[in-house]
Amino acid sequence: MKIDRIELREIRMELVEPFEISSGVRQARRVLLINLISDGIIGWGECVAGEDPGYSYETTQTAWHVLTDLILKRIVGTEVATASCILDSINGIRGHRMAKAAVEMAAYDLEAKLKGNRLADHIGGVRDTVKVGVSVGLQPTDEELYQKVEEFIRQEYSRIKIKIKPGRDVEMLTGLRKRFPDFPMMADANSAYTLEDWPRLKDLDDLGLMMIEQPLDCDDYLDHSRLQEKLQTPICLDESIRSVGDAELAIELGACRIINIKPGRVGGFESSKAIHDICLANGLPVWCGGMLESGVGRAHNVALATLPGFILPGDISASRRYWHTDIVNPEFIVVEGEIHVPSGLGIGVEVKGDMVDELTVRKEVF
Ligand code: OSB
Ligand code: MG
């Protein structure tokens, strides 16, 4: 496919409520959207980099720089054999996987549309609905958390993930367990602990959690393996897994028993599929993580979660969990703990052009 034209824009979207994790709080998102255009068909991609470098070193601003100054001008006008190799000619850019993923995933949407396929089928998906959970940010009080969780259970989510940090953990989750003794629950620390916190981490082990996500620093594979050895509860790695090599290292060391795959974090679908395959071969379940995506990134995540190894519920919630109005039609809804894979071609949802134009704060065309 020939890439005739590329549009990159930044849109601003207010969250329905602040989202707080151990590294900071977000009120609004600065989302980069990419259009790759071939033969009048538009492939959509979303960059998941955050507003600040709390989760990853990448930010909206670094991604804008890497995309506009280094990547997009080298891709426009070229003939691309397959979506998976769209970045093969771009050498000399270390890391910046979120920026690269946005391009690669737009190419996958474009390729699926040009071939007349749904994206889920195009990448080898095996199901028409995906099981989904919801991620609940740190709340001002335990009581507010318990009310939030009750409401999300009412909305039929398959599992609840609770953000934790030292001091907002054991007591809070013990109270939550008392109120909801059997509901599938997990905790995500976003690297807030070290092995020195062992007494607290040990207490988390008695709460019947499905998993504890990223308790330690993202580069601490060795410490994660030491911790996993002492815990019954599976450790799930998120920030630590940026590539196939990271996944192999973590599995070899026993640093985790579950991996959360976010296509943006690992550089796109090709890398996601490779990590998925390695996990499947080694008996590790995977699930699709989220990055407070708009409907575009959400649609990509739904497609990814149709691969066979994605047997645990993903952080792919309904559009209205984060947005008053999403930028896609139809919006994503959760019924009986699942989201239906949209039936349209490619990502399967239509992007609301007028709304996107109104939200745009800067745009560059190549
Ligand atoms: O650690 O999974 C995370 C959001 C932003 C950055 C990191 C994380 C998260 C979430 C929300 O947990 C997942 C979602 O619903 O999009
Ligand atoms: Mg996480």
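Predicted model: local features only at pLDDT ≥ 70, side-chain atom pairs only at ≥ 80, totals over all residues.
Okay, housekeeping. Local features need pLDDT of at least 70 and side-chain atom pairs 80 or more, while totals for chains, interfaces and linings use all residues; side-chain values use heavy atoms, with hydrogens and water left out. Residues count from 1 along each chain as its sequence is written, with chains lettered from A and ligands numbered from 1 in the order written.

So, the metal. Which residues hold the magnesium ion, ligand 2? The protein donors are Asp188 (OD), Glu213 (OE) and Asp238 (OD), at 2.1 to 2.3 Å. A donor here is an N, O or S atom within 2.8 Å of the metal (3.2 Å for Na, K and Ca), and water is not among the atoms, so sites may look incomplete. The spacing reads D-x24-E-x24-D. Aspartate 188 is in strand S7 (185–188) and glutamate 213 in strand S8 (212–213), so the pair ties together parts 25 residues apart in sequence. Strands are DSSP E runs of at least two residues, helices H or I runs of at least four, numbered from the N terminus. Both aspartate 188 and glutamate 213 are buried, meaning under 20% relative accessible area (1.4 Å probe, protein chains only).

Now the domains, whose bounds come from an automatic or database assignment: domain 1 is 5–116 + 351–365, domain 2 is 121–347. Their C-alpha centres sit 22 Å apart.

Conventions. Buried < 20%, exposed > 50% of the residue type's maximum accessible area, 1.4 Å probe, protein only.
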